[in-house]
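Good morning, everyone. I would like to walk you through one chain, so please keep the sequence and the model in view while I talk.

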Amino acid sequence: MSENGSLKTGVVGVGSMGRHHARVYAQKRAVSLIGVADADADTAREVADDYDTTAMEVDELLAAADAVTIAVPTRYHRELIEQALDAGVHVLVEKPFVKEPDEGETLVEQAAERDLVLQVGHIERFNPAIQTLQDVLADHEVIAIEAQRLGPPVDRDTTDTVAHDLMVHDLDVALSLLSTDAAAISAAGTAAGQHVTAQVTFEDDTVGQFCASRVTQQKVRQLAVTTHDARITVDYADQDVRIHRHSVPAYVENDGDVRYRHESVIEQPTVANGEPLVHELDAFVEAVVTGSEPVVSGEDGLRALELVCDIDEQVTVDPETAHPRLR
């Protein structure tokens with residue numbers, strides 16, 4: 001803790017996502033952002049200047065901090081998480097957790113042995129629309145889940161597959177809503193693995209259809225949940241939830257023509273305002289301060305990762321054409 005009793009935090013990796021973690025930490029009253037670290041020293045200094053903190057080397061930051069966000073490319077996650085836990089530092093790591101499930105298992109065990117918080121940054125869990133959806137589903141039995149996470153090629157540098165990079169968000173949400181694991185998986189990809197679809201049957205017989213793309217010229221972030229008496233749609237970006245129910249078929253006569261239509265009732269529950277990242281870091285800080293289980297634990301991150309890896313095994317990707325912008 002700092003001299004004023006606030007939690008000493010830092011960010012390792014202040015690229016496109018990490019700098020937002022630095023911004024939110026810098027705004028929190030119960031938190032002191034004591035430093036940032038990045039492989040690019042100029043970037044670290046720039047972000048440090050923006051948020052009135054210090055650019056440090058990773059070792060220096062881990063020696064001084066109580067808790068850190070790790071927001072570097074996935075291939076470096078294992079090494080840095082291990083280093084932070086060895087230093088006695090609580091960790092929030094950006095998704096996906098790590099590259100391989102066996103790495104994640106080891107890190108989960110390491111965090112437990114040292115009584116440290118290990119939270120995985122599945123930010124959509126903290127989207128107010130998903131939190132509203134969870135409340136709505138308390139009185140419903142889920143039959144099916146559909147998700148689309150689509151967009152054009154990304155400018156950021158990533159070696160993650162589209163399932164690791166994008167689909168993992170919706171898989172994690174589905175796993176959290178159902179509280180059960182996958183029983184069967186079928187997946188396929190096209191466009192050099194940049195557009196992937198997956199069908200998942202869960203152990204409770206719920207079925208899921210997931211699509212993720214980095215080559216779709218429309219940005220889509222949508223989820224739909226079918227229950228016995230309703231279909232609930234979620235727009236992650238607009239933080240909008242709609243409940244469609246009581247669909248009634250009817251034949252309508254108009255100027256002698258008979259037409260068929262469905263009428264339904266659409267409810268639009270109130271969704272609280274708020275930036276998901278702020279909610280995510282609030283939850284992380286609370287888990288560290290109180291010693292409670294994080295909302296998205298290392299085990300949760302591992303479950304989503306295992307499902308992503310199973311999907312990727314069924315999708316053939318040519319590594320030389322997997323990232324069109326990098327050719």
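Predicted model: local features only at pLDDT ≥ 70, side-chain atom pairs only at ≥ 80, totals over all residues.

Residues are numbered from 1 along each chain as its sequence is written, and side-chain values use heavy atoms, with hydrogens and water left out.

Let me start with the open sheet, whose five strands follow the order β2-β1-β3-β4-β5 with parallel pairing; here two strands pair if DSSP finds at least two bridges between them, and the elements are DSSP runs numbered from the N terminus, helices being H or I of at least four residues and strands E of at least two. At the edges lie β2 (31-37) and β5 (118-121), each of which pairs on one side only. On average, neighbouring strands of this sheet are turned by 20° against each other, direction ignored, where axes are lines fitted to C-alpha atoms, for helices over the stretch in contact, and angles run from 0 to 180 degrees between N-to-C directions. Within the sheet, β1 (residues 7-12) and β3 (residues 67-70) run parallel and are joined by four bridges, with Val11 standing opposite Thr69 in β3. Packed on the sheet is helix α1 (residues 18-27), which touches β1, β2, β3 and β4 (90-94) and whose direction makes about 165° with that of β1; contact means heavy atoms within 4.5 Å.

Next comes the helix pair. The axes of α5 and α9 come within 9 Å and cross at roughly 170°, and the two helices are therefore roughly antiparallel to each other, a label used for angles over 145 degrees. On the α5 side the contact is made by Pro101, Gly104, Glu105 and Val108, and on the α9 side by residues including Leu302, Leu305 and Cys309. By class, the residues of this contact divide into five nonpolar, two polar and three charged, where Ala, Val, Leu, Ile, Met, Phe, Trp, Tyr, Cys and Pro count as nonpolar, Asp, Glu, Lys and Arg as charged, and the others, Gly among them, as polar.

Both helices also belong to the elements that give two or more residues to the lining of the second largest pocket, namely α5 (101-113), α8 (276-290) and α9 (298-313). The most comes from α5, with three residues, and the lining as a whole has nine nonpolar, five polar and three charged residues.

What is the phi of Asp115? For Asp115 the value is near 55°, positive in a residue other than glycine, and this residue sits in the loop between α5 and β5. Finally, the peptide bond from Lys95 to Pro96 is cis, with omega near -15°, and Pro96 is placed in the loop between β4 and α5.

Technical notes
Parallel < 35°, antiparallel > 145°, perpendicular 65-115°, else oblique.
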